[in-house]
Amino acid sequence: MTDDSGHSGFHYSEQDVHREVTELEGKSATAARIFDLRRIIGGLFVLYGIIVTITGITDSQAEIDKAQGININLWTGIGMLLLGVFFLVWLWLRPTPPPVPSVEGEKEVE
C-alpha cells in the first residue's frame, strides 16, 4: 500500500522509533559483551591449558627425556592457564562499557 509519493502507508510515531532504537541498542550492547574477544581468548586458553596440563601430568619419562628433561607440556599448560585466567579477570574487572547514546539533532564539528 503506497501513496502518491511512493511511501508506504505505515506511519510510525516518534515514540515507536525511539523505543525500537533503544531496544536495538540494548541488543547491541549484549552482543558486544557476549562476543568480547577477551572472553573468547581467555576461554580458549583456559580450555587448552587444562588439556595440555593434564597431558603434562600424565607424560611418561620417555616423553620428558625427548624435551631434554623438561616437562614442556606441564609448563606450557600452566602458562596457558595463567594467560587465560588473566584475560577472564581482565574482562571481569573492566567489562565492556555500554554504548554512549547519540543525541538527536547534535551537529558534527568539522
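The buried residues of helix 2 pack against helix 4, which covers residues 72–93. Here, buried means under 20% relative accessible area, exposed means over 50%, and partly exposed lies in between, using a 1.4 Å probe and protein chains only. Helices (H or I, at least four residues) and strands (E, at least two) are DSSP runs, numbered from the N terminus. This is a predicted model, in which local features need pLDDT of at least 70, side-chain atom pairs count only at pLDDT 80 or more, and totals for chains, interfaces and linings use all residues. Residues are numbered from 1 along each chain as its sequence is written, and side-chain values use heavy atoms, leaving out hydrogens and water.

## Helix 2 and its two faces

Which residues of helix 2 are buried? They are R38, G42, V46, G49, T53 and G56. Seen down the axis of helix 2, these buried residues fall within an arc of 100°, so they line one face of the helix. The arc is that of the directions from the helix axis to the C-beta atoms. On the face turned away from the buried side, helix 2 carries the exposed residues L37 and T58.

Helix 2 has 22 residues and reaches 31 Å from its first C-alpha to its last, close to the 32 Å expected at 1.5 Å a residue. That expected span is 1.5 Å times one less than the number of residues.

Let us look at T53, which sits in helix 2 (residues 37–58). With a relative accessible area of 11%, T53 is buried. Leaving aside residues up to four places away in sequence, T53 touches N73, L74, G77, I78 and L81; a contact means heavy atoms within 4.5 Å. The side chain of T53 also reaches the backbone nitrogen of I78 at 3.4 Å. This is a polar contact, a pair of N or O atoms within 3.5 Å; within protein, one must be able to donate a hydrogen and the other to accept it, and residues adjacent in sequence count only if both atoms are side-chain atoms.

T58 is also in helix 2, but at 60% relative accessibility T58 counts as exposed. The side chain of T58 reaches the backbone oxygen of I54 at 3.0 Å. The C-alpha atoms of T58 and N73 are 15 residues apart along the chain and separated by 9.6 Å. I72 is partly exposed, at 47% relative accessible area.

## Charged pairs

How many salt bridges does a search of the whole structure find? There are two. A salt bridge is a side-chain nitrogen of Lys or Arg within 4 Å of a carboxyl oxygen of Asp or Glu. Side chains of opposite charge can pair when their charged atoms come close.

| Salt bridge | Closest N to O distance |
|---|---|
| R38 and D36 | 2.8 Å |

In the pair of R38 and D36, both residues are buried. R38 lies in helix 2, and its relative accessibility is 11%. The side chain of R38 also has a polar atom 2.9 Å from the backbone oxygen of R94.

E63 and K66 both lie in helix 3 (residues 61–66), three residues apart, about one turn of the helix. E63 counts as partly exposed at 39% relative accessibility, while K66 counts as exposed at 65%.

## A loop residue with a positive phi

Where is Q68 placed? Q68 is in the loop between helix 3 and helix 4. Its phi is near 60°, a positive value in a residue other than glycine. For background, most residues other than glycine have a negative phi. Q68 is exposed, with a relative accessible area of 76%.

## The whole chain

The protein chain has four helices and zero strands, running α-α-α-α from the N terminus on. Buried residues make up 15% of its 110 residues. Among contacts between residues at least 6 apart in sequence, 71% join residues at least 24 apart. The chain exposes about 9,300 Å², of which carbon and sulfur atoms supply 65%; accessible areas come from the Shrake-Rupley method with a 1.4 Å probe, and for residues only the protein chains shown count as cover.
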